[in-house]
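Subject: The structure for you to look at

Hi,

Here is the structure I promised to pass on. Have a look at it first, then read my notes below.

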Amino acid sequence: MTLRVLGVDPGLTRCGIGVVDVEKNRRATMVAFGVVGTSPEQGLDQRLLVIADAIDEWLDRYEPHVMAVERVFSQLNVSTVMGVAQASGVVIAAAARRGIPVALHTPSEVKAAVTGSGTSNKDAVTKLVTKILRLDAPPRPADAADALALAITHAWRAGSGASNTGAATTGPGSQSLTPAQRAWADAEAKARRAR
């Protein structure tokens, strides 16, 4: 069965969205991608409404099985974190209204899943997303590429046999993981042990 994942790189100014179909053999195919933009000159309520309406449209049009959203993480700019958190809340609520499960992934988890290194830069992520999805040109802007990377990460994690205990790199089935998936699972297990 093919898993359809809608990935979202949340933000108030630019909210990246990408839809990917992933087969059991982990072959990923791009379905659609785009960016929802809002102006800082608009009120917060109107900006969130634009994002909510766009997400509703994408969910209705593409009917994903699951949504993958970038987990909000601490940054120095509190107003940026707040905007990302508010956009994330609108996106997650839209999925919840439809009964669509939502998975949250940190930027380092996504980088590790797609590139094999949790410290890769945006250019490396975009390059490998382009290769994984067999695209003729890189998805632009970077927010759209990040959304596609989130979708790929979730699908690969869901299909990798990874458990919530973080023990996906050893034992039966671990031989079928790609190097990037093994790196991601190792990074996830290390993060859990550090808590």
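Let's start with a term: a nonpolar core is a set of buried Ala, Val, Leu, Ile, Met, Phe, Trp, Tyr and Cys residues joined through side-chain atoms within 4.5 Å. Buried means under 20% relative accessible area, exposed means over 50%, and partly exposed is in between (1.4 Å probe, protein chains only).

Before you dig in, note that this is a predicted model, where local features need pLDDT of at least 70, side-chain atom pairs count only at pLDDT 80 or more, and totals for chains, interfaces and linings use all residues. Residues are numbered from 1 along each chain as its sequence is written, and side-chain values use heavy atoms, leaving out hydrogens and water.

Now the cores. The largest one has 24 residues, and L6, V8, I51, I55 and M67 touch the most other members. Helix α1 gives the most to this core, with eight residues. (Helices are DSSP runs of H or I with at least four residues, strands are runs of E with at least two, and both are numbered from the N terminus.) A second, separate core has 20 residues, including V20, V22, A28 and V114.

Which helix packs with α1? Helix α1 (residues 44-62) packs with helix α2 (residues 78-97) at an angle of about 35 degrees, and their axes are 9 Å apart. Axes here are lines fitted to C-alpha atoms, for helices over the stretch in contact, and angles run from 0 to 180 degrees between N-to-C directions.

The peptide bond from R140 to P141 is cis, with omega near 0 degrees. E63 has a positive phi near 45 degrees though it isn't glycine, and E63 is exposed, at 60% relative accessible area.

Cheers
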